[in-house]
Amino acid sequence: MGNNLKKNVLITGASSGIGRAMALMMAEMGHELYLVARRRDRLEELEKEIARKVHLLPFDVNDPKLIVELQKISAGKIDVLINNAGLALGREKVEKSDFADWEKMISTNMTANFRMVHTVLPWMLKNGEGDIINLCSVAGHYTYPGGAVYCATKFAVQAFTRVLREETCGKNIRVMQISPGMVETDFSKVRFKGDEKLADMVYAGMTPLTSTDVAEMMVFMLSRPRHVVIDEIITMPTDQGSPTTVSRKES
Ligand SMILES: NC(=O)c1ccc[n+]([C@@H]2O[C@H](COP(=O)([O-])OP(=O)(O)OC[C@H]3O[C@@H](n4cnc5c(N)ncnc54)[C@H](OP(=O)(O)O)[C@@H]3O)[C@@H](O)[C@H]2O)c1
């Protein structure tokens, strides 16, 4: 990006939260969108809201068929990747955790995220330009009890992004990362497996970031002139000092 031309933007995890907010902003700016998520109905609702044709890819990011379909419909012309699909499952300590939850976090947050880069990076190199923003987290910088595997996946995203940045240096590929603290999305509902009470408690008495706050920062990163890379933005609500330090007002 870095100029006003229409770009082909691929967003994973576009059916909700940060990815959805980013899709709306990119649509407003007139870009061509390729939107990935498992929930087709949510993607269709979003397309209605955008009120023009967008390319919907209703796939699990772990499904190799996604890559085949993406190649078919985009013809390898992806200018911007917002590598956002991800999740946390559970808040139990290691010995009490469900191993299936670990496998899902590792495959979605790491393997599928890395594979998306493996797919689009050769296209970007061939096209001579590209922007990648990986969704990391403050959990990729700080650890906290009950977050062993989620933190491990986000530390891995951080390592992958850094290597990628070094490897693509000088190739007109901007590799960036954004690491938010608490953002009120469906993230906690997913983490607590639909338990709305537990999810609401996460944000009780404090003002979290919104998905629009995070999307605005990504738009800022993308809209810098091409010789400028913002390696990373780490952003938290004013009420948060670290994953474990949150200031809450008594209700
Ligand atoms: N919210 C926070 O506090 C926070 C903080 C730091 C980082 N993050 C990161 O930000 C990213 C977005 O999270 P969010 O807060 O916007 O949560 P969210 O509202 O739950 O959105 C997550 C998105 O990822 C998609 N997704 C999850 N698993 C998928 C899969 N296997 N295949 C395809 N799509 C999948 C979901 O779509 P479907 O369910 O329709 O597939 C949804 O669109 C994640 O990587 C998360 O780790 C969030």
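Trainee: How many other C-beta atoms lie within 10 Å of Leu-56, and how is Leu-56 classed?

Mentor: A residue is called buried if 20 or more other C-beta atoms, placed from the backbone, lie within 10 Å of its own, exposed if 12 or fewer, and partly exposed in between. Leu-56 has 19 other C-beta atoms within 10 Å, so Leu-56 is partly exposed. Please note that this is a predicted model, in which local features need pLDDT of at least 70 and side-chain atom pairs count only at pLDDT 80 or more, while totals for chains, interfaces and linings use all residues. Residues are numbered from 1 along each chain as its sequence is written.

Trainee: Where is Leu-56 found, and which residues does Leu-56 touch?

Mentor: Helices (H or I, at least four residues) and strands (E, at least two) are DSSP runs, numbered from the N terminus. Leu-56 belongs to strand E3. Two residues are in contact if their C-beta atoms, placed from the backbone, lie within 7 Å. Not counting residues up to four places away in sequence, Leu-56 touches Leu-35, Leu-43, Glu-44 and Glu-47. As for Leu-43, its C-alpha lies 6.8 Å from that of Leu-56, and the two are 13 residues apart in sequence.

Trainee: Which residues have the most contacts inside the largest nonpolar core?

Mentor: In soluble globular proteins, nonpolar side chains tend to be buried together. A nonpolar core is a set of buried Ala, Val, Leu, Ile, Met, Phe, Trp, Tyr and Cys residues joined through C-beta atoms within 7 Å. Here the largest such core has 56 residues, and those with the most contacts inside it are Ile-11, Met-22, Ala-23, Leu-33, Leu-35, Val-36 and Met-218. Take Leu-33 as an example: leaving out residues up to four places away in sequence, Leu-33 touches Val-9, Ile-11, Ala-23, Met-26, Ala-27, Val-54 and His-55.

Trainee: Which residues of H4 and H5 meet?

Mentor: Among them are Trp-102, Met-105, Ile-106 and Phe-114 in H4, and Val-149, Tyr-150, Phe-160 and Leu-164 in H5. The residues of this contact divide into 12 nonpolar, three polar and one charged, where Ala, Val, Leu, Ile, Met, Phe, Trp, Tyr, Cys and Pro count as nonpolar, Asp, Glu, Lys and Arg as charged, and the others, Gly among them, as polar.

Trainee: At what angle do the axes of H1 and H8 cross?

Mentor: The axes of H1 (residues 17–28) and H8 (residues 211–222) cross at roughly 55 degrees and come within 8 Å. H1 and H8 are therefore oblique to each other, and their crossing is right-handed. Gly-17, Ile-18, Arg-20, Ala-21, Met-22 and Met-25 in H1 meet Ser-211, Thr-212, Val-214, Ala-215, Met-218 and Val-219 in H8. Eight nonpolar residues, three polar and one charged form this contact.

Trainee: Is Gly-17 buried or exposed?

Mentor: Gly-17 is buried, with 21 other C-beta atoms within 10 Å. Beyond its neighbours within four places in sequence, Gly-17 is in contact with Thr-185, Asp-186, Phe-187 and Ser-211. By contrast, Pro-225, in the loop between H8 and strand E7 (232–235), is exposed, with 8 other C-beta atoms within 10 Å.

Trainee: What is the phi of Ala-51, and what is that of Lys-193?

Mentor: Most residues other than glycine have a negative phi. Ala-51, although not a glycine, has a positive phi of about 65 degrees; the residue lies in the loop between H2 (40–50) and E3 (55–57). Lys-193 likewise has a positive phi, of about 55 degrees, and is found in the loop between H6 and H7 (196–202). Ala-51 is exposed, with 8 other C-beta atoms within 10 Å, and Lys-193 counts as exposed with 12.

Note on methods: Axes fitted to C-alpha atoms, helices over the stretch in contact; angles between N-to-C directions. Parallel < 35°, antiparallel > 145°, perpendicular 65-115°, else oblique. Left-handed = near helix turned anticlockwise from the far one by under 90°.
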